Amino acid sequence: MQEILKIAIQKSGRLYDDSVQLLRECGIDLRNVKDRLRTVSENFPIEVFFLRDDDIPEYVEDGVADVGIVGQNVLLEKGRSIREVEALGFGKCRLSLAVPKSFDYQNLQSLQGKRIATSYPKILGTYLKKNAIEASIHEISGSVEIAPGIGLADAAADLVSSGGTLFMNGLKEVEVILDSQAVLVAGNTIGNEKQDILNKLLFRIRSVRKAKKSKYVLMNVPNGQLQDVLQLLPGMRSPTVLPLAETGWSSVHSVLDEDEFWIRIEQLKAAGAEGILVVPIEKLIL
Ligand code: PRT
Ligand code: ZN
């Protein structure tokens, strides 16, 4: 019987949509995902379990699931003996310390002897210890941001993305404890056959993510300027150059990285490229 890789993802919540979308972009057929506890793909040897994110590290450690998708914040807080295999680039947020706006915050020393509310006692405890701050940690499971306002704590350590929640609760962000994003995690012992499936999945994930960061560009260049333009293009091996119907002109095709995209486009225009066409790439197999 062929092995199946069991993957645990969040049942509902902030990581659900991106997790399902990532698997689908990897060409994995997932039907009937709505309100299911588990589903088996028909075109890839994978079974998906839908769980609360807090439970995923434990299930992966116990081998109930082979791999999982969770935030680094959850991975670190749970402290299970599992490993991070790949950062996935979504679910980005930070675990930050926040204090009431009226709090005269100078530096971490300002928290000496204070009460800090959080749902991340372990990460916070390690951070305070590392910085030699003695503060009492009040673990609460939700709505951490209201704790200072109702006198339950002097400060809060909570996840932040836009900062809107802190602002609405009269808090200011003063320190970032951890930058987090969703990651693929795996158990420490995984059989050879499952490791093969995991490698295939990883290859697809990397191709999808690389493609998202890259754009295919086509442009027309007068032959006289061709050398200047080609120098600006990385290409994967080298740019493709094709003659245009109009003599003296060429069509140049290349792949540009998102990070340097606009700078390159400006340079290409300045070097004589015209009619620049930019096309998204669906997959990029290197
Ligand atoms: O039901 P289950 O236990 O599975 O879900 P959950 O309620 O525990 O988690 P969920 O769905 O809220 O978040 C899942 C994961 O998403 C987290 O573990 C993080 O890794 C990641 N993530 C990314 C976030 C945020 N951004 C985020 N902004 N998790 C929570 N928040 C909350 C934060 O706690 C605060 O209440 O959003 C609020 C702040 O948002 P801003 O935009 O106002 O700053
Ligand atoms: Zn949770």
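Predicted model: local features only at pLDDT ≥ 70, side-chain atom pairs only at ≥ 80, totals over all residues.
Let me start with a definition: two strands pair if DSSP finds at least two bridges between them. Helices (H or I, at least four residues) and strands (E, at least two) are themselves DSSP runs, numbered from the N terminus.

Hello everyone, and thanks for coming. Residues are numbered from 1 along each chain as its sequence is written, chains are lettered from A and ligands numbered from 1 in the order in which they are written, and side-chain values use heavy atoms, with hydrogens and water left out.

Let's begin with strand 9, residues 155-160. Alanine 117 has alanine 156, in strand 9, as its bridge partner. That bridge brings us to strand 7 (residues 115-118), which pairs with strand 9 in the parallel sense over 3 bridges. Strand 9 also pairs with strand 6 (residues 93-100), here in the antiparallel sense and over 5 bridges. Leucine 97 finds its bridge partner in strand 9 too, at alanine 157. How many residues of strand 9 are buried? The count is 5 of its 6 residues, and the strand is mostly covered. Buried, by the way, means under 20% relative accessible area, exposed means over 50%, and partly exposed is in between, with a 1.4 Å probe and protein chains only.

Now for an open sheet of 6 strands, in the order 2-3-1-4-11-5 and with mixed pairing. Its edge strands, each pairing on one side only, are strand 2 (38-40) and strand 5 (82-87). On average, neighbouring strands here are turned by 25° against each other, direction ignored. For angles, axes are lines fitted to C-alpha atoms, for helices over the stretch in contact, and the values run from 0 to 180 degrees between N-to-C directions.

Strand 5 pairs with strand 11 (residues 182-187) in the antiparallel sense, over 5 bridges. In that pair, isoleucine 82 has glycine 187 of strand 11 as its bridge partner. Two helices pack on this sheet. Helix 1 (residues 16-25) touches strand 1 (5-10), strand 3 (46-51) and strand 4, and its direction makes about 150° with that of strand 1. Helix 6 (residues 192-212) touches strands 1, 3, 4, 5 and 11, and its direction makes about 30° with that of strand 5. Touching, or contact, means heavy atoms within 4.5 Å.

Let's zoom in on aspartate 66. Where does aspartate 66 lie? Aspartate 66 is in the loop between helix 2 (56-62) and strand 4 (67-71). Its relative accessible area is 11%, so aspartate 66 is buried. Its side chain has a polar atom 2.7 Å from the backbone nitrogen of lysine 6, and a polar contact of 3.0 Å joins it to the side chain of lysine 194. A polar contact is a pair of N or O atoms within 3.5 Å; within protein, one must be able to donate a hydrogen and the other to accept it, and residues adjacent in sequence count only if both atoms are side-chain atoms. Not counting residues up to four places away in sequence, aspartate 66 touches several residues, including Ile4, Val60 and Ile190.

Tyrosine 59 counts as partly exposed because its relative accessibility is 32%. Leaving aside neighbours within four places in sequence, tyrosine 59 is in contact with Leu51, Val64 and Ala65.

And then there is ligand 1. Which residues come nearest to ligand 1? Of the 23 residues around the ligand, they are Asp54, Asn73, Ser162, Gly163 and Thr165, where being near means having a heavy atom within 4 Å. An oxygen atom of ligand 1 is 2.7 Å from an N or O atom in the side chain of aspartate 54. On the backbone side, a polar atom of serine 161 is 2.8 Å from a ligand oxygen, and an N or O atom of glycine 163 lies 2.7 Å from one.

Last stop: a second open sheet, with 4 strands in the order 13-14-12-15 and antiparallel pairing. Strand 13 (240-243) and strand 15 (274-280) are the edge strands. Within this sheet, strand 12 (residues 214-222) and strand 14 (residues 249-257) pair over 9 bridges, with tyrosine 216 standing opposite valine 255.
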